[in-house]
Amino acid sequence: MKALRPVLLPVLAVTAVIAVAAGIAAGWDGVIGAVIGGLVVVLFLGSTPVVLSPLVKASATLSLPVALGFFTTKAVAMLVVLVLLFDVGGVAMHVDSRWFGIAAIAASLAWTLLQIRAFRRERVPTYDLGNSN
């Protein structure tokens, strides 16, 4: 959860700025698309540390198989979300796909850059010298 703190609010701020720009350029459909795009990124990228951090602490040997399974689950869930959002005649009539994409890309880039910045500032030893006694 510590890794989410310096990232979540700035990403939501980026999403809000893009939603305002979408509202000016495309109206409510643009705002809805931008907000959904930002929230999808926050939910999908934010779920990884929430789910995997306790698992890594509990069992390091199970972390890789569970991480791969979780990644596959998220990929299938993303496909379902995209199919539901852009179903012709359904929700797609109220979501501007251009602003959805712009917000998703901007939020993903912001998330990645802020995560890199947060990890660089952490002081985590990369190896253990062990006891030399």
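Tutor: Here is a tour of helix α1 and of the places where other helices come into its picture.

This is a predicted model, in which local features need pLDDT of at least 70 and side-chain atom pairs count only at pLDDT 80 or more, while totals for chains, interfaces and linings use all residues. Residues are numbered from 1 along each chain as its sequence is written, and side-chain values use heavy atoms, with hydrogens and water left out.

Let us begin with confidence. The pLDDT (the predictor's confidence in each residue, from 0 to 100) has a mean of 85 over the chain, and 90% of the residues reach 70 or more. Helices here are DSSP runs of H or I with at least four residues, strands are runs of E with at least two, and both are numbered from the N terminus.

Now to the inside. A nonpolar core is a set of buried Ala, Val, Leu, Ile, Met, Phe, Trp, Tyr and Cys residues joined through side-chain atoms within 4.5 Å. Buried means under 20% relative accessible area, exposed over 50%, and partly exposed in between, with a 1.4 Å probe and protein chains only. The largest nonpolar core has ten residues: Leu4, Val7, Val11, Val41, Val42, Ala104, Ala107, Ala110, Trp111 and Leu114. Two or more of its residues come from each of α1, α2 and α4 (97-121), and α4 gives the most, with five. Val11 touches Val42, Ala107, Ala110, Trp111 and Leu114, not counting residues up to four places away in sequence; contact means heavy atoms within 4.5 Å. There is also a second, separate core of seven residues, including Ile18, Ala22, Val31 and Ala34.

Beyond residues up to four places away in sequence, Thr15 touches Ala34, Val35, Gly38 and Ala107.

Ala103 shows a related view from helix α4. With a relative accessible area of 1%, Ala103 is buried. Ala103 touches Ile18, Ala34, Gly37 and Gly38, again leaving out residues up to four places away in sequence.

Leu8, Leu9, Leu12, Val35 and Leu39 make a nonpolar surface patch of about 390 Å². The elements that give two or more residues to this patch are α1 (5-26) and α2 (28-58), and α1 gives the most, with three. Patches are made of residues with over 30% relative accessible area and no salt bridge; like charges are joined within 9 Å, and nonpolar side chains (Val, Leu, Ile, Met, Phe, Trp, Tyr) within 5 Å. A salt bridge is a side-chain nitrogen of Lys or Arg within 4 Å of a carboxyl oxygen of Asp or Glu. Accessible areas come from the Shrake-Rupley method with a 1.4 Å probe, and for residues only the protein chains shown count as cover. Leu8 lies in helix α1 and counts as partly exposed because its relative accessibility is 31%.
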